Amino acid sequence: MTKSVCDPSANFYGMLGVSMSIVLANLGAAYGTAKSGVGIANLGIMRPDMVMRSLIPVVMAGVLGIYGLITAVIINGKIHAPSYSAYSGYAHLAAGLTVGMSSLA
């Protein structure tokens with residue numbers, strides 16, 4: 001399957017995928033960290049001996065942000081202006097949105 005060279009809007013969609021991947025993934029990580037922080041505060045009042053075990057969700061929420069960053073770097077490395085097609089732009093947009101939205105869930 002050959003990819004035809006398309007207009008510059010393909011680069012826009014590819015970079016939009018990069019942006020959505022990192023922005024939405026980090027929003028999801030921030031939300032997860034905030035929710036688990038509230039849980040740690042409540043647990044610290046009710047059962048202070050369990051506080052160290054409750055730090056695991058904070059770390060797991062941070063992994064979501066790192067996953068979005070890694071995906072954004074991979075997508076950004078595949079964007080080359082002269083031979084970048086509209087198909088690749090839409091595929092990278094879909095990949096970025098998929099990673100970002102799954103981190104928000």
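Biologist: In this predicted model, which residues does Val-51 touch, leaving aside those up to four places away in sequence?

Modeller: Val-51 touches Ile-40, Leu-43 and Gly-44. Val-51 itself is found in the loop between helix 1 and helix 2.

Biologist: Why is Val-51 called partly exposed?

Modeller: The relative accessible area of Val-51 is 24%. Buried means under 20% and exposed means over 50%, so Val-51 counts as partly exposed.

Biologist: How many Å separate Val-51 from Leu-104?

Modeller: Their C-alpha atoms are separated by 25 Å, and the two residues are 53 residues apart along the chain.

Biologist: What makes Ala-94 count as partly exposed?

Modeller: Ala-94 has 39% relative accessibility.

Biologist: Which elements does the protein chain have?

Modeller: There are three helices and zero strands, and from the N terminus on the order is α-α-α.

Biologist: Why are helix 1 and helix 2 called roughly antiparallel?

Modeller: Their axes cross at roughly 175° and come within 8 Å. Angles over 145 degrees count as roughly antiparallel, so helix 1 and helix 2 are given that name. Their contact includes Val-18, Ile-22 and Ala-25 of helix 1 and Ala-61, Leu-64 and Ala-72 of helix 2. By class, this contact has 13 nonpolar, 10 polar and no charged residues.

Biologist: What makes helix 1 roughly parallel to helix 3?

Modeller: The axes of helix 1 (residues 9-46) and helix 3 (residues 86-104) cross at roughly 10° and come within 7 Å. An angle under 35 degrees counts as roughly parallel, so the term applies to helix 1 and helix 3. Among the residues that meet are Tyr-13, Leu-16 and Met-20 in helix 1, and Tyr-90, Leu-93 and Leu-97 in helix 3. The contact of helix 1 with helix 3 has 14 nonpolar, nine polar and no charged residues.

Biologist: How do you know that helix 2 and helix 3 are roughly antiparallel?

Modeller: The axes of helix 2 and helix 3 cross at roughly 175° and come within 10 Å. The cut-off is over 145 degrees, so helix 2 and helix 3 are roughly antiparallel to each other. The contact is made by Leu-64, Tyr-67, Gly-68, Thr-71 and Ile-75 of helix 2 with His-92, Ala-95, Gly-96, Val-99 and Ser-103 of helix 3. By class, that contact has five nonpolar, five polar and no charged residues.

Biologist: Which residues form the largest nonpolar core?

Modeller: That core has six residues: Ala-10, Val-18, Ala-72, Ile-75, Ile-79 and Tyr-84. Helix 1 and helix 2 (56-77) are the elements that give two or more residues to this core.

Biologist: How does the radius of gyration of the protein chain stand against that of a compact globule of 105 residues?

Modeller: The protein chain has 19 Å, whereas a compact globule of 105 residues would be near 13 Å. The C-alpha trace spans about 60 × 20 × 15 Å along its principal axes. Of the 105 residues, 28% count as buried.

Biologist: What share of the contacts with a separation of 6 or more comes from residues 24 or more positions apart?

Modeller: Such residues account for 80% of those contacts in the protein chain.

Notes: Residues numbered from 1 in each chain as written. Predicted model: local features only at pLDDT ≥ 70, side-chain atom pairs only at ≥ 80, totals over all residues. Heavy atoms only, no water. Axes fitted to C-alpha atoms, helices over the stretch in contact; angles between N-to-C directions. Helix = DSSP H or I, 4+ residues; strand = E, 2+ residues; numbered from the N terminus. Parallel < 35°, antiparallel > 145°, perpendicular 65-115°, else oblique. Contact = heavy atoms within 4.5 Å. Nonpolar A, V, L, I, M, F, W, Y, C, P; charged D, E, K, R; others polar. Buried < 20%, exposed > 50% of the residue type's maximum accessible area, 1.4 Å probe, protein only. Core = buried A, V, L, I, M, F, W, Y, C linked by side-chain atoms within 4.5 Å. Rg over C-alpha atoms; globule rule 2.2 N^0.38 Å.
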